[in-house]
Amino acid sequence: MKKRMWTMAGAVAISGALALSGCGGDNGDTPSGGSINLTVSGWSLETTPEFQVLADAFHAANPDVTVEIVEYDAADYQTLIQVDMSAGKAPDIITIKEAKVTHSWATGGQLLDISDVVQALPSNVSGAGSYAIDGVNYGAPYRQDSWVLFYNQDLFDAAGIAYPDGKWTWDDYAKAARDLTAALGAAGSQALGAYEHSWQSTLQGFAQAQTPGADLFSGKYDYLKPYYERVLALQDDGAQATFGTISTNKLTYQAQFGKQQAAMMAMGSWYVATLVTQQKGGEADNFKWGIAPVPQYSSSTFAKPVTFGDPTGMGINAKIDSAKLEAAKQFLAFVASETAAVELAKIGIVSSVTGDAVTAAYFAQAGLPTDDLSKEAMSNHVTKPENPQGETIGAIQTILGATHTAVMSESQSVDDAIAEAQDRFENEIEI
Amino acid sequence: MTTVVEPGLRRRRNRLRWRNTVSGWTFILPNFVGFALLTLVPIVALIYISFTNWNAFGAADWMGLKNYTRLFKDRSYRVALWNTVYYTVFHLPLTLAVSLGLALLLNRKIKAVAFFRTAAFFPYITSVVAIAIVWNLLFSPEYGPINQVLSFIGVDNPPRWTVSSDWSMPAIIIVATWREMGYYMILFLAGLQAIPRELYEAARVDGASSWGRFRNVTVPCLRPTTFFVTVMLSIESFKVFDLILVMTDGGPGQSTFVLSQMIFNKAFVENQYGYASAVSVSLFVICLAITVFQFLVNRRIER
């Protein structure tokens with residue numbers, strides 16, 4: 001009893017402090033006269049129209065349910081929503097911005113078990129696994145970006161090099177990056193063959209998803225080695241901007257690809273919408289580009305390329321009014337349905353549902369490439385989670401983040417850095 | 001022999017004492033309420049949380065000293081502690097020397113002294129994010145102006161600064177010193193101007209050299225200021241956070257990973273508020289111990 005009081009005092013103190021910085025959520029109205037008002041947490045509604053699109057589409061299909069979006073600050077979303085959850089003031093439906101928080105939210109008793117909803121979803125929905133703990137589902141994915149290879153067709157033409165054909169291993173990619181750099185340099189261009197952003201996911205995400213047997217929770221990270229060696233060689237040969245330059249000059253990937261500083265770039269599919277907007281608005285140059293599947297670990301996966309990405313999903317607040325529960329479950333089933341996916345595709349969002357209708361709606365937007373490989377790259381792939389579910393995932397990613405900066409800055413050899421990561425795993429994770 | 005106090009007198013005296021207590025409390029009340037609500041309660045809650053495994057939600061299990069024993073075994077904690085000490089050991093004397101030097105320089109009657117004083121203070125009032133971005137550009141290993149100057153004057157392998165695990169901490173220390181020197185310079189200037197002029201005149205009459213005057217007049221008279229600056233600087237150094245977060249984010253590897261960043265990561269990235277609180281308490285104890293030590297040393301010198 002006393003313990004709980006202290007905990008509450010702590011929660012009150014922290015939520016009080018955060019309340020001063022201007023956050024807060026509304027409890028939805030309780031149902032009256034057959035109409036139900038559901039609240040959903042969202043962020044940056046101005047630039048993230050997906051929430052309103054889902055709300056409107058659901059309301060159109062279910063006129064007696066109104067969905068209201070509660071806006072949070074995007075950068076501090078996780079902290080703010082946690083404060084609201086522990087204060088019992090969070091919306092009925094909670095958007096899970098980063099899948100890796102699911103574990104602490106679910107074990108903290110904040111999310112309802114919605115296995116009945118998720119297990120009834122059609123098989124063409126991917127990403128639900130990121131919200132499952134020991135076979136219990138806590139979230140339904142509505143959005144699933146995955147990493148693809150963007151390439152600048154104009155620069156490839158100028159260099160006289162064949163476009164990616166969807167059958168590239170990483171060695172083919174490295175060779176193309178070197179050839180492009182040399183040919184573009186000879187043609188008087190400053191552009192490099194490839195750009196690899198400084199995030200740890202640009203390298204570790206692929207190594208983790210593609211290498212057979214790779215497992216973040218195993219504490220064995222040898223599988224990173226070939227990926228690092230390949231990229232360090234590219235960096236030393238000048239075929240891509242060095243990590244030092246990227247981090248000290250704060251290069252942005254949007255400018256590097258959009259301003260034609262690099263001919264190829266692996267990036268999440270969210271960048272499609274950004275690039276289209278920036279080309280329209282003049283922030284990016286006007287050039288022809290295409291999308292190819294990401295290079296593979298070996299030729300065995302060319303038919304169904306393996307890539308990675310984390311979904312965005314929604315769960316139900318454990319403190320929801322029981323009268324609204326049924327409507328909330330309907331809403332979650334809806335956001336992961338093909339109807340919703342088509343609506344999302346129209347505004348350039350890659351949904352968790354794949355299918356011909358979704359792909360057709362997505363590529364009907366103006367400014368997108370129209371070739372078959374681009375369409376295939378966006379619709380045919382296996383997307384593994386970047387952050388598989390587990391209590392220790394945050395701590396493991398922190399350790400591997402340090403490995404990434406140590407190796408990429410060439411402060412430490414690949415072997416030493418991997419050995420250190422494994423030592424730290426032993427020391428810090430398995431306590 | 002016992003003094004017999006009249007009942008009436010005692011009552012009056014009690015009333016006076018009561019009135020004094022009430023008025024005393026009234027004076028400190030506004031400040032105390034703010035302090036209690038915004039500082040004391042969170043600190044007490046923090047100490048409690050450090051003995052639990054609280055993960056931001058209701059359920060917190062009592063862990064006893066488990067978080068603290070884990071602290072001693074945690075390699076990252078040792079790395080963070082070592083880096084924090086490394087930063088403090090170099091940053092503290094360097095900032096002290098530079099800001100005292102600046103204060104001495106700008107305590108003379110030179111032209112445009114107000115301009116120079118303001119200029120030295122500028123870094124302190126500039127946004128730390130802007131500072132970090134600009135210094136990162138300056139430190140850029142391949143195209144940065146600093147390394148270009150170094151290669152121009154014949155340094156073969158200029159340091160790779162913020163992207164080298166050996167040079168990232170020195171780079172941070174340089175920027176931090178540059179940023180904070182103006183603030184401590186102002187404190188030293190105030191101290192310098194409080195030194196009575198007569199002392200210098202007397203020393204000059206006695207034939208003391210300028211070094212002698214500095215050694216025997218300036219330094220002893222500045223001691224209260226120096227003490228204050230040292231205490232503030234050591235606490236600030238142990239708490240270093242924002243500059244490192246924006247400049248290197250603790251990297252490359254763990255080369256600039258400090259205690260306050262460990263607290264931030266454990267709490268807000270990994271949701272281990274209990275463990276993060278234990279790290280905070282340890283940081284608090286370290287700062288307290290250093291401050292107490294400094295006070296003891298100061299008192300001994302004073303005697």
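Visitor: What is the mean pLDDT of chain B?
Guide: The mean is 89, and 97% of the residues of chain B reach 70 or more. pLDDT is the predictor's confidence in each residue, from 0 to 100. This is a predicted model, where local features need pLDDT of at least 70, side-chain atom pairs count only at 80 or more, and totals for chains, interfaces and linings use all residues. Residues are numbered from 1 along each chain as its sequence is written, while chains are lettered from A and ligands numbered from 1 in the order written.

Visitor: Which scores does the model as a whole get?
Guide: ipTM is 0.81 and pTM is 0.83.

Visitor: How many residues does each chain bring to the contact?
Guide: Chain A brings 36 and chain B brings 40. Residues are in contact if their C-beta atoms, placed from the backbone, lie within 7 Å. α1(A) gives the largest share of chain A's side, seven residues. That side holds 10 nonpolar, 22 polar and four charged residues. Here Ala, Val, Leu, Ile, Met, Phe, Trp, Tyr, Cys and Pro count as nonpolar, Asp, Glu, Lys and Arg as charged, and the others, Gly among them, as polar.

Visitor: Which residues of α18(A) are called buried?
Guide: Ala417(A), Ile418(A), Ala421(A), Arg424(A) and Phe425(A). Buried means 20 or more other C-beta atoms within 10 Å of the residue's own, exposed means 12 or fewer, and partly exposed lies in between, with C-beta atoms placed from the backbone.

Visitor: Why do the buried residues of α18(A) line one face?
Guide: Seen down the axis of α18(A), they fall within an arc of 120 degrees, so they line one face of the helix. The arc is that of the directions from the helix axis to the C-beta atoms. Asp415(A) and Glu426(A) are exposed, on the face turned away from the buried side.

Visitor: What do the buried residues of α18(A) pack against?
Guide: In chain A, α9 (224–236) and α17; in chain B, α3 (75–105).

Visitor: How is chain A divided into domains?
Guide: Domain 1 is 24–144 + 311–353, and domain 2 is 147–307 + 388–429. The bounds come from an automatic or database domain assignment. Taken over C-alpha atoms, 32 Å separate the centres of domains 1 and 2 of chain A. Eight residues of domain 1 of chain A touch nine of domain 2 of chain A.

How values were computed
Contact = placed C-beta atoms within 7 Å. Helix = DSSP H or I, 4+ residues; strand = E, 2+ residues; numbered from the N terminus.
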